Each structure stands twice: as structure tokens, then as C-alpha cells.
Amino acid sequence: MSNKKLAEIFEEIASMLDLEGENRFFEVRAYRKAAMTVGTMQQEVEDIYRKGGEDALRELPGIGKAIASHIAEYYGTGKIKKYEELKRKYPVDFTGLTRIQGMGARKAFKLYKALGVKNLEDLKKAIEKHKVRDLEGFGEKSEQEIAKGIQFLSQGGGRMLLGVALPVAEAIVSQLKESGSVDEAIVAGSTRRMRETVGDLDILVISEKQDAVEKIITGMKEVQGIIARGPTKISVILKVGLNCDFRIIEKKSFGAALQYFTGSKDHSVQLRQIAVKKGYSLNEYQLSGKNGENIASRTEADVYNRLGLDYIEPEMREARGEIELALAHNLPKLIELKDIRGDLHSHANPLSGVTDKLEDVVGAAMKLGYEYIGITNHSKSLYVEKGLNDRQMQEFFKAVDKMNDRLDGKIRILKSAETDILKDGTLDLGKKTLEQMDYVLAAVHANTNMGKGEMTKRVVMAIEENDVHILGHPTGRLINKREPIQLDLDKVFEAAKENGVAMEIDAQPDRLDLNDESVLRARKYGLKFSIDSDTHWVDQMQLMRYGVGTARRGWLTKGDVINSLPLEKLLKQFRK
Ligand code: DGT
Ligand code: CA
Ligand code: CA
């Protein structure tokens with residue numbers, strides 16, 4: 001059984017315990033953390049359990065004795081008794097319903113008690129009959145917002161987060177490579193382009209042993225079953241709920257095929273038009289000359305170059321003007337993961353009980369070879385995150401100073417905070433606290449329903465009136481879950497440019513905020529960016545690559561990104 005299912009169960013247990021009353025706070029936290037750990041892990045929890053038992057499970061962050069025994073129970077009996085018992089009392093599909101923006105478990109349970117709504121289908125019907133607006137605590141506006149939320153969900157339906165899909169694709173590719181029956185295997189399609197969500201996986205395989213390849217594919221634990229097979233293509237459905245197309249190709253067509261199946265479709269259409277103008281033709285086998293002769297097919301670079309273009313990185317292939325730049329030999333040199341020298345958004349809140357300890361976060365940053373790690377705990381008004389007040393912040397900074405002394409320059413911990421931007425555009429921490437920081441990261445968290453004018457004023461004010469250095473997750477969106485706050489981004493970019501404030505690209509796979517299109521737009525203002533993992537526990541530091549992918553989709557170079565600077569230069573920039 002998949003990690004995802006297990007994570008959903010823990011998340012539901014947390015929600016139901018939360019409904020049981022205030023005194024379950026710590027239990028709720030524990031199950032939430034377990035859900036996060038399991039839901040974002042690359043390895044299968046089942047494998048860990050089968051190999052190392054409960055002891056191995058307890059080595060994982062946030063998995064204590066009780067939860068380890070639930071996991072064992074689950075893989076032993078297929079059930080978790082505690083979950084089943086709670087579910088009898090709360091027979092509601094919290095997982096499905098809470099995907100709607102603004103719908104927490106509490107609201108969902110209210111709808112169940114009042115209207116018998118158990119799942120999304122029931123809720124849709126209740127809304128069509130306008131039954132929700134008459135409930136206490138809901139009203140007409142709230143009914144409309146729920147309807148909007150449901151629609152928003154259905155538009156994104158079927159596309160999976162890159163952060164979930166890419167690790168699966170990589171696991172499949174490495175099994176193919178290790179099998180000995182293939183010469184090459186590579187991920188293509190939207191996954192290779194690092195699109196924030198993917199419709200299906202596309203994997204190219206060079207092999208002359210089609211039967212062997214098919215056998216390997218059907219034997220993989222990720223694969224649920226075959227949907228279709230032809231002479232060069234096998235389509236399967238994966239257990240994660242995604243389809244995967246395998247294309248088996250010949251070595252000599254590798255470049256042409258990789259170009260074709262990486263897409264995007266619009267990019268490839270433009271490329272073919274260029275071929276046609278030259279009297280050539282281009283398909284998934286080769287670039288053909290006037291007499292049908294093969295003039296390029298082995299590598300992608302050959303194909304682009306023979307058409308008179310420079311090689312275009314996959315992340316840029318979206319028909320957004322990259323073809324013109326490639327023709328003019330004027331493509332930007334995109335930033336790479338190895339250019340990142342530190343992370344400027346991470347959490348290590350000593351009070352939260354959810355985030356990892358400071359020394360663990362710092363240790364993980366050192367393992368990645370970072371020169372610096374900025375710790376940005378939440379500020380006080382975010383009480384659900386146990387945000388720190390001024391005094392607690394200052395105490396935390398003292399602890400950071402001490403640790404910096406001990407570290408003796410091996411890595412530098414930077415003092416900061418994810419300071420809440422309040423409703424009126426002021427910041428949630430005092431001037432004295434702000435002055436003690438190496439830099440200030442500020443972000444909107446509460447009162448997110450403001451209209452566009454008001455919200456823009458709030459954010460612009462925060463940028464102009466304060467010494468802010470980074471605007472954190474500028475739009476607040478959660479992909480397929482929560483719509484962005486209403487913001488006139490051009491006004492924000494202008495103010496940010498004027499005041500030297502960097503825009504964040506938050507690398508959490510469900511955020512990717514700013515998104516690729518907004519990055520592309522912000523880039524025109526000559527703004528700087530900070531690509532951050534927003535780590536809540538150390539495993540998440542690995543998420544940086546999704547932020548870099550988004551930056552590359554927005555055409556950013558190393559020079560555009562402040563956390564590619566060496567420490568001294570970065571600090572100098574912050575002091576300006
Ligand atoms: P997705 O799966 O919706 O996230 O997006 P893609 O880009 O992976 O699209 P998909 O899986 O339908 O096709 C994979 C690639 O194959 C696509 O990027 C370009 C190529 N392709 C598919 N259909 C066509 C087509 O009709 N014409 C051309 N030129 N290329 C196509
Ligand atoms: Ca695809
Ligand atoms: Ca496909």
C-alpha cells in the first residue's frame with residue numbers, strides 16, 4: 001500500500017482527534033507530522049517496515065512508538081483499529097472534502113451533521129439545492145465560495161504535482177537502467193520540462209529487446225497494469241494514480257525522439273515550421289533533408305543546431321519566445337541546482353514540536369554543501385504554527401549566535417524570520433527584533449480574502465515602509481487547493497524593484513510560488529529572486545530542485561538569484 005494512502009489516514013486521524021477537543025492538541029500534531037513525513041518520503045514506508053520492522057520506522061522523523069505500531073498494524077492486517085473506530089463516529093471523507101479551499105475538517109463535519117454530507121458528491125448536490133446557505137455559520141457568500149472551490153478543484157483534476165510524479169519517474173528509470181536490458185532510459189514530456197503538474201509520465205527507452213523490457217515494466221512494484229501495447233509503445237497505469245507511456249526507440253533516433261516526446265507540443269510545432277521553411281521535415285525519427293536523407297537524429301543538440309538554433313533547455317520549451325532567442329544565439333544561461341549556495345527559508349522553531357531542531361537543520365544544510373542557512377521561524381500572530389513573539393525571537397537569535405560560534409565558519413546560520421505581513425501592511429515583529437536579523441523575509445498568511453486593491457496596497461506597503469529583503473511565497477497559492485491572493489503583481493514587482501526586495505520562489509511542490517509565468521514576468525523588471533525550500537523538517541531541504549526548475553522555466557540565470565551569491569556578497573546586498 002502506498003505512502004500516500006497511509007499519509008491520508010494519518011491526516012484524517014489528526015482531523016478527527018482535533019474534532020474530539022482541545023486537549024488532543026499534541027496527538028493531533030503528532031499525526032500531522034507523521035502524515036507529512038510519510039506523504040513526502042521518497043522511499044516506500046512498507047519497504048522500510050518489511051526490512052527493519054518497527055525499530056526502523058522509529059528512526060524516521062516524527063514517527064514515535066505509537067505511530068510505528070499503527071504502521072505495523074496496517075501492513076500486518078490492512079487496517080488501523082484506531083482509525084476505524086474514529087471513522088465510525090466521523091463517517092466523512094475528510095481527505096476529499098478538505099481539498100476544497102477554505103474547507104477544514106470542522107466545517108466538513110458541520111456539513112455532515114446538518115445535511116448528512118459525507119463526500120464531494122453529496123456536497124455538490126447540497127450546493128445545487130442551495131441547502132448550505134441556510135446553515136448557521138455559512139451563508140450565501142460562503143456557499144458561493146465553496147462552489148467556486150469545487151470548480152477550481154475539478155479544473156486541476158487529473159494532474160499530479162511534479163513533486164509526487166518526478167520521484168516515481170526516477171525510480172522507474174533507474175530500475176530500467178539497472179535491468180541490463182536497456183541501453184538508455186530517460187524521462188521526457190512535461191516531467192522533463194519541470195512543469196508544476198503533470199498529466200502523465202513519458203519515458204523513452206532504447207532497447208532491442210522489447211519483450212524483456214515489457215517484462216521488466218510489468219514486474220515493477222509501481223505498476224498496476226498495462227493499458228495498451230504496440231510495437232514501439234507500452235502504456236501502463238501506475239499505483240500512484242498516473243498513467244505512464246513508455247516508448248521503445250532505436251539508438252539512431254534517440255535525439256529526434258527525445259525532442260519530440262519532450263515537447264511541449266507548441267514548441268515542437270514552431271520547430272517544425274522552421275524545418276519546413278528550409279525545405280526539411282522533422283518527426284520523431286529524424287530531421288530529414290530535401291531528399292528525405294537523415295541530417296540529424298542522434299542527439300537533440302544535433303537537431304536544434306542543424307535547424308540553425310542553439311540547444312534549448314527542456315524547461316524553456318513552452319513557445320514563449322525561446323525559439324526566437326535560440327535563432328539569434330541569445331539564450332540565457334539558466335541557473336542550475338549546483339549554483340545554489342544556501343537556503344534562505346527554513347523552519348526550526350524550538351516551540352513548535354513539528355519542525356526539526358536547529359542543529360539538525362544546520363547539519364542537513366552542511367551535508368548539501370551550503371555556505372549558509374537562513375532560519376525563518378514564523379512570527380507570533382501565526383499561533384497555529386506557534387509563531388515566536390519578539391522576546392522569543394531574540395532568545396532564538398542568541399542560540400543561533402552561540403551555534404555560529406561553535407561552527408567556526410563551517411557554515412553560517414543567518415538570523416531571520418518569516419515575518420507575518422499584517423492586515424494593514426505592517427510587520428508582526430518590533431523594530432528592535434527586525435534589526436537583529438541578517439535579513440527579513442515577510443509574507444502574507446492571514447486575512448487572505450481581501451480584494452485586489454486592498455491586498456496590493458497591503459503588500460506594497462510592507463515592501464515600502466519596512467526593511468524587507470525577501471517577499472515570501474508572494475501569491476500564497478497551493479496548487480489545486482488554494483487560489484492565489486488577489487494581487488496586482490506588476491505593482492508589487494515595481495515596488496520590489498524600487499526597494500531592492502527579492503521575490504521568493506518557494507520550492508515546496510504544492511506552492512512553487514512565484515510560478516513560472518510570474519517569474520518570467522518579474523524578470524522583465526530586473527528583479528532579484530530567492531529560491532528557497534521552506535523546509536519544515538530536514539528531508540524537505542531536497543525540494544530545492546523544484547524551485548530551481550521553476551526558476552529555469554522563468555528563464556532565470558545565476559545572476560538573477562541572490563542565494564547563488566557567496567556569503568559575503570549576499571550579506572553586503574542585504575545591508576544595502
Ligand atoms: P502532460 O502529460 O499533459 O503533462 O503534458 P506532456 O507535454 O507530457 O504531453 P503528452 O504526455 O500528451 O505528450 C508528451 C509529448 O509528446 C509532448 O510534450 C509532445 C509530444 N506530443 C504528443 N502529442 C503530440 C502531437 O500531437 N504533436 C506533437 N508535435 N507532439 C506531440
Ligand atoms: Ca506527459
Ligand atoms: Ca503521454
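Predicted model: local features only at pLDDT ≥ 70, side-chain atom pairs only at ≥ 80, totals over all residues.
Residues are numbered from 1 along each chain as its sequence is written, chains are lettered from A and ligands numbered from 1 in the order in which they are written, and side-chain values use heavy atoms, leaving out hydrogens and water.

**Stop one: the helix pair.** Select residues 358-367 (α17) and 390-407 (α18); their axes are 11 Å apart and meet at an angle of about 45°. Now show side chains: Leu358, Glu359, Val362 and Met366 of α17 touch Phe396, Val400, Met403 and Leu407 of α18, with contact meaning heavy atoms within 4.5 Å.

**Stop two: the calcium pair.** Next, pick ligands 2 and 3, calcium ions lying 3.7 Å apart and bridged by aspartate 200. Around ligand 2 you'll find Asp200 (O), Asp200 (OD) and Asp202 (OD), at 2.2 to 2.6 Å. Donors here are N, O and S atoms within 2.8 Å of the metal (3.2 Å for Na, K and Ca); water is not among the atoms, so sites may look incomplete. For ligand 3, select Asp200, Asp202 and Asp245, whose OD donors lie 2.3 to 2.7 Å from the ion.

**Last stop: the aspartates.** Color by accessibility: aspartate 200 is partly exposed at 24%, while aspartate 202 is buried at 12% (buried is under 20% relative accessible area, exposed over 50%, partly exposed in between, with a 1.4 Å probe and protein chains only).

Technical notes:
Axes fitted to C-alpha atoms, helices over the stretch in contact; angles between N-to-C directions. Helix = DSSP H or I, 4+ residues; strand = E, 2+ residues; numbered from the N terminus.
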